[in-house]
Amino acid sequence: MSPTLTRPETPNKTDAGNGSYGICRVIDASRSPSPDPRRSPNFTHRVPTHRPDCVDCAKPTGRLHPILNIPLCADCRKAKPAVYGYISKTRALQEYRLKENELLSLGSHLVDNPHYKKAAPMQLYLFSQVQYLSRQKWGSSDPYLVTSTSISEDHISILAECPSRLTQLSPAEFELLIADRLSEMGLRIQQVGATNRKDGGIDILACPMSGMPFLLAVQVKHHRSSRKTGVSEIRDFAGVLHTHREISMGLVVTNTAFSPDAQWFAEQQSALLRLRDAHDLTRWLKRDFDNPYEWREMPDSITLAPNIVIQIPRPSIWVPS
Ligand SMILES: [Zn+2]
């Protein structure tokens with residue numbers, strides 16, 4: 001609702017409306033033929049209450065929201081915690097992964113610590129403003145679900161021309177790049193975020209944008225040197241895939257290569273686990289997503305019963321003429 005307010009009138013004064021209650025009615029004496037604005041047909045007579053109206057329910061209230069500095073009754077503040085509610089500084093820092101200097105731009109309010117009277121006062125912030133900061137910083141008001149997946153086309157083409165530059169990316173940039181390429185392949189992406197990555201490192205979850213859904217769990221392995229991703233990392237990830245039965249397939253992407261042991265381990269469970277290395281990534285950077293080599297784990301045919309061998313359909317590019 002509109003927070004248009006009528007302040008207790010002081011009728012003979014021209015009020016520029018810049019008081020602490022927000023928008024006030026402006027009475028322009030020069031435009032009124034009557035010296036007394038109360039005689040104007042637009043004037044609504046009000047009994048002076050000396051209590052401003054709550055901006056939300058319009059009932060008179062003696063309360064002022066300490067951060068927003070607007071008249072707001074206690075009922076409305078409690079009824080709409082998402083708009084008017086507070087969050088402590090500790091929670092803002094921990095739950096929204098914000099830094100102290102990032103909170104400096106927000107108004108705050110000091111209250112006594114309700115749990116321990118002798119403790120320093122608690123600093124409260126407006127919940128909705130903290131969520132706004134979090135969305136600006138993390139692309140999400142839930143900072144553990146980072147959704148930002150933008151990486152510039154220029155950046156992609158530079159890396160496509162010179163894949164050795166992949167080592168110069170930060171792990172976060174590399175993850176963003178992989179999310180971007182999977183998205184270009186037609187998958188809907190959800191980055192998991194560092195703090196949720198407790199059991200074995202699922203970095204990205206992905207589902208097809210249309211058609212039959214399946215859940216792909218992705219782990220990205222970024223190396224700043226030419227070090228290969230080893231078997232122990234793949235084995236740990238496979239353990240996570242086996243734990244979460246709702247995951248249809250796991251994918252590990254590295255900017256270098258995989259050790260022979262790691263490749264052997266993945267080949268033993270190729271329906272569940274796929275490995276993609278710098279060569280694959282170079283193709284992805286060039287948007288070559290339909291390359292036959294992408295199908296290397298898929299058999300050409302499957303034997304459904306003795307003597308019943310069915311060819312597995314492949315993209316049209318791969319059908320022999
Ligand atoms: Zn109210």
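These legends describe close-up views of one predicted protein model.

The model is predicted, so local features need pLDDT of at least 70 and side-chain atom pairs count only at pLDDT 80 or more, while totals for chains, interfaces and linings use all residues. Residues are numbered from 1 along each chain as its sequence is written.

**View 1**
Helices (H or I, at least four residues) and strands (E, at least two) are DSSP runs, numbered from the N terminus. Of the 321 residues, 21% are buried. Buried here means that 20 or more other C-beta atoms, placed from the backbone, lie within 10 Å of the residue's own. Contacts need C-beta atoms, placed from the backbone, within 7 Å. Among contacts between residues at least 6 apart in sequence, 47% join residues at least 24 apart.

**View 1. Three antiparallel strands make an open sheet.**
The order is β1-β3-β2. Two strands pair if DSSP finds at least two bridges between them. β1 (86-88) and β2 (108-111) are the edge strands; each has a single partner, so one side of each lacks a neighbour in the sheet. From one strand to the next, the twist averages 40°. Angles run from 0 to 180 degrees between N-to-C directions, and axes are lines fitted to C-alpha atoms, for helices over the stretch in contact. β1 meets β3 (residues 122-126) through three bridges. Opposite Y86 stands L126 of β3.

**View 2. Helix α5 lies across β1 and β3.**
This helix spans residues 127-138. Its direction is at about 70° to β3.

**View 3. Five strands make a second open sheet, with mixed pairing.**
Their order is β4-β5-β6-β7-β8. β4 (187-191) and β8 (273-276) stand at the edges; each has a single partner strand, so one side of each is left without a neighbour in the sheet. Neighbouring strands are turned by 25° against each other on average, direction ignored. β7 (residues 249-254) and β8 run parallel, joined by four bridges. V252 has L275 of β8 as its bridge partner.

Which residues does L182 contact, leaving aside neighbours within four places in sequence? They are L187, I189, I204, A206 and V218.

**View 4. The largest nonpolar core has 28 residues.**
A nonpolar core is a set of buried Ala, Val, Leu, Ile, Met, Phe, Trp, Tyr and Cys residues joined through C-beta atoms within 7 Å. I178, A179, L182, I204, V218 and V253 touch the most other members. Elements giving two or more residues include α7, β5, β6 and α10 (278-285). α7 gives the most, with six residues. A second, separate core has eight residues, among them Y86, A92, L124 and L126. In soluble globular proteins, nonpolar side chains tend to be buried together.

**View 5. Helices α8 and α9 cross at roughly 25°.**
α8 covers residues 231-243 and α9 covers residues 260-267; their axes come within 8 Å. That makes α8 roughly parallel to α9, a term for angles under 35 degrees. V231, I234 and R235 of α8 meet D261, A262, F265 and A266 of α9. Five of the contact residues are nonpolar, none polar and two charged. Ala, Val, Leu, Ile, Met, Phe, Trp, Tyr, Cys and Pro count as nonpolar, Asp, Glu, Lys and Arg as charged, and the others, Gly among them, as polar.

Definitions and conventions: A residue is buried if 20 or more other C-beta atoms lie within 10 Å of its own, exposed if 12 or fewer, and partly exposed in between; C-beta atoms are placed from the backbone. Two residues are in contact if their C-beta atoms, placed from the backbone, lie within 7 Å. Angles under 35 degrees count as roughly parallel, over 145 as roughly antiparallel, 65 to 115 as roughly perpendicular and the rest as oblique.
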